[in-house]
Amino acid sequence: MSQRRIRDWYEYWDGMVYASVSGGIDSTVMYDLIHGLYPDVPGIFVNTRMEFPEIVRFVRTLPNIREITPAMTPAQVFMEYGYPVISKDISRTAYYARHGSVWAIRRFDGQRPDGTPSEWYAQRHGRWKRILSADFAISDQCCHELKVRPLAEIEKERKPFIGMLASESERRTVAYLHTGCNAYKSRKPRSMPLGFWTGQDVLRYIKETGIPYAKDIYGEIVEDRKGHLATTMEQRTGCYACPLGQCMRRRKGTESRYERLKRLHPKQYEYAMKPLSEGGLGLMPVLDYLNIPY
Ligand code: SF4
């Protein structure tokens, strides 16, 4: 079914397509499937400058890859727009609430835009109201500047394949159910040929086909007695210093993203913690405020 979606997308756009390659295991599998059919499809890797070095090295070994870097550095984005914290939704709402938008202020007060009480907003936004008084800027612009904007020129000519799985989050499931794998008519057309896969399917594909993946960071793929697959090192990659999703409760004895970074990538850790004024990412006060251990 994924191959069919890939063919449909390629033919619909007369081959003027590209694959968004992050070096993570999902996009690695997607790129393999695409190249099995159409080796001419270029892979575009946006190097946000917050990529694990193992990921950058791996992506550079893939065929037909073009690497691009955003115009802004992560530090410039944090300084100019603010830090992405908790979730994109919370960051965006906090940005608007701080700029006086009534709908956003009401969400943090547990109300709908019309001012009536809402348990949903109370649960989702109300409990984070305290971030409005944090002494650092907050916004959801980061992904836009570092991942979306650099692709804008390319997308004038080519339409993307994205290695996203609908099962990864509630938001992605809703989007997938709305459009299916190939969103031809969306404001931003895109194909998600692995949309219906699970994380287990991805690991199974790699294990059974033996395709190269970023083993230096993910480790081996191992199977337990119940047939459940897992990687022995990182479970996920992406921007190593991103604060999004780091406020969740952790199981006792589990490291935070930053504790792990400190142990395994001390150079990147140092850069993330160094103040912005000294050329770092200035994360320390942000993590302190959010009680994220580092
Ligand atoms: S994943 Fe996080 S750090 Fe990376 S671009 Fe998006 S918001 Fe920024």
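Colleague: Which residues in α13 meet which residues in α14?

Modeller: Two residues are in contact if their C-beta atoms, placed from the backbone, lie within 7 Å. Here Tyr258, Leu261 and Lys262 of α13 meet Pro266, Gln268, Tyr269 and Ala272 of α14. This is a predicted model, in which local features need pLDDT of at least 70 and side-chain atom pairs count only at pLDDT 80 or more, while totals for chains, interfaces and linings use all residues. Residues are numbered from 1 along each chain as its sequence is written.

Colleague: How many residues of the contact of α13 with α14 are nonpolar, polar and charged?

Modeller: The residues of this contact comprise five nonpolar, one polar and one charged. Nonpolar covers Ala, Val, Leu, Ile, Met, Phe, Trp, Tyr, Cys and Pro; charged covers Asp, Glu, Lys and Arg; the others, Gly among them, are polar.

Colleague: At what angle do the axes of α13 and α14 cross?

Modeller: Axes are lines fitted to C-alpha atoms, for helices over the stretch in contact, with angles from 0 to 180 degrees between N-to-C directions. The axes of α13 (residues 257-264) and α14 (residues 266-273) come within 6 Å and cross at roughly 130°. Helix α13 is therefore oblique to α14. (Under 35 degrees is roughly parallel, over 145 roughly antiparallel, 65 to 115 roughly perpendicular, and the rest oblique.)

Colleague: How do the axes of α2 and α11 cross?

Modeller: The axes of α2 (residues 25-37) and α11 (residues 199-209) cross at roughly 55° and come within 10 Å. That angle makes α2 oblique to α11. The crossing of α2 and α11 is left-handed, a term used if the near helix is turned anticlockwise from the far one by less than a right angle, clockwise being right-handed. Helix α2 contributes Ile25, Asp26 and Val29 to the contact, and α11 contributes Val202, Tyr205 and Ile206. Five residues of this contact are nonpolar, none is polar and one is charged.

Colleague: What does the secondary structure of the chain come to?

Modeller: The chain has 15 helices and eight strands. (These are DSSP runs, numbered from the N terminus: helices are H or I of at least four residues, strands E of at least two.) The radius of gyration is 20 Å, close to the 19 Å from the globule rule for 294 residues, so the chain is as compact as a globular protein of that length. (The radius is taken over C-alpha atoms; the rule is 2.2 Å times the number of residues to the power 0.38.) The C-alpha trace spans about 50 × 45 × 45 Å along its principal axes. Of the contacts with a separation of 6 or more, 65% join residues 24 or more positions apart.

Colleague: What share of the chain is made up of buried residues?

Modeller: Buried residues are 34% of the 294. (Buried requires 20 or more other C-beta atoms within 10 Å of the residue's own, exposed 12 or fewer, and partly exposed lies in between, with C-beta atoms placed from the backbone.) Leu132 is partly exposed because it has 14 C-beta neighbours inside 10 Å. Leu132 lies in the loop between α7 (119-124) and α8 (141-148). Beyond residues up to four places away in sequence, Leu132 touches Ala94, Ala97, Arg98 and Phe108.

Colleague: Where is Asp14 found?

Modeller: Asp14 is in the loop between α1 (2-12) and β1 (17-20). Asp14 has a positive phi of about 50° although it is not a glycine. With 7 C-beta neighbours inside 10 Å, Asp14 is exposed. Asn291, in the segment after α15 (284-289), has a positive phi of about 55° and is not a glycine. Asn291 is exposed, with 7 other C-beta atoms within 10 Å.
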